[in-house]
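Here is a friendly note to read alongside the model. Take the points in order and keep the picture in view as you go.

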Amino acid sequence: DRAEQLYLTAIEHFPESPRLLGHYALFLVNKRKDSVAAGKIYKKAADLNTNSHEALGNYAWFLSSKHCKNFDEAEKYYLKALEVNPNYVHG
């Protein structure tokens, strides 16, 4: 609960940070096992940061993961990430 509160406080201060939103979404997936909430956060980060290969790639990863399995939509976001940064590799 403490970790989640820290994430939420940080997001209040930096609501458009793709890295922070991505870490919080990963927390939701791994610790809270809440893939629905995580998907919303990943999408929010991608929508707010259309020029961030990191935000676009994170959402694409989520879409292609076992939590979502939406491969067609994932491909669209991976391609957008590559448009923003042709050297992008999701690690």
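**Notes on the helices and their packing**

1. Helices here are DSSP runs (H or I, at least four residues), numbered from the N terminus. Lys76 counts as partly exposed because its relative accessibility is 47%; buried means under 20% relative accessible area, exposed over 50%, and partly exposed in between (1.4 Å probe, protein chains only). The C-alpha atoms of Lys76 and Gly57 are separated by 10.0 Å, with the two residues 19 apart along the chain.

2. A word on where this comes from. The model is predicted, so local features need pLDDT of at least 70 and side-chain atom pairs count only at pLDDT 80 or more, while totals for chains, interfaces and linings use all residues. Residues are numbered from 1 along each chain as its sequence is written, and side-chain values use heavy atoms, leaving out hydrogens and water.

3. Now look at helix H1 (residues 2–13) and H2, whose axes come within 10 Å and cross at roughly 155 degrees. Axes are lines fitted to C-alpha atoms, for helices over the stretch in contact, and angles run from 0 to 180 degrees between N-to-C directions. H1 and H2 are therefore roughly antiparallel to each other (angles over 145 degrees count as such). H1 passes H2 in a left-handed crossing, meaning that the near helix is turned anticlockwise from the far one by less than a right angle. On the H1 side the contact (heavy atoms within 4.5 Å) includes Tyr7 and Leu8, and on the H2 side Tyr24 and Phe27.

4. Next, which way do H2 and H3 run relative to each other, roughly parallel or roughly antiparallel? They are roughly antiparallel, with axes that come within 8 Å and cross at roughly 165 degrees. This crossing of H2 and H3 is left-handed. Among the residues that meet are Gly22 and Ala25 of H2, and Ala38 and Tyr42 of H3. By class, the contact of H2 with H3 has twelve nonpolar, one polar and no charged residues; Ala, Val, Leu, Ile, Met, Phe, Trp, Tyr, Cys and Pro count as nonpolar, Asp, Glu, Lys and Arg as charged, and the others, Gly among them, as polar.

5. H3 and H4 have axes that come within 8 Å and cross at roughly 150 degrees, which makes H3 roughly antiparallel to H4. The crossing of H3 and H4 is left-handed. Their contact divides into nine nonpolar, three polar and one charged residues.

6. What about the inside? The largest nonpolar core has 23 residues, and Ala38, Tyr42, Tyr59 and Tyr77 touch the most other members. Such a core is a set of buried Ala, Val, Leu, Ile, Met, Phe, Trp, Tyr and Cys residues joined through side-chain atoms within 4.5 Å. H2 gives the most to this core, with seven residues. Leaving aside residues up to four places away in sequence, Tyr42 touches several residues, including Leu26, Val29, Trp61 and Phe62.

7. Finally, please check two loop residues. Lys33, in the loop between H2 and H3, has a positive phi of about 55 degrees although it is not a glycine. Lys69, in the loop between H4 and H5, also has a positive phi of about 55 degrees and is not a glycine. Most residues other than glycine have a negative phi. Lys33 is exposed, with a relative accessible area of 65%, and Lys69 counts as exposed at 54% relative accessibility.

Notes
Angles under 35 degrees count as roughly parallel, over 145 as roughly antiparallel, 65 to 115 as roughly perpendicular and the rest as oblique.
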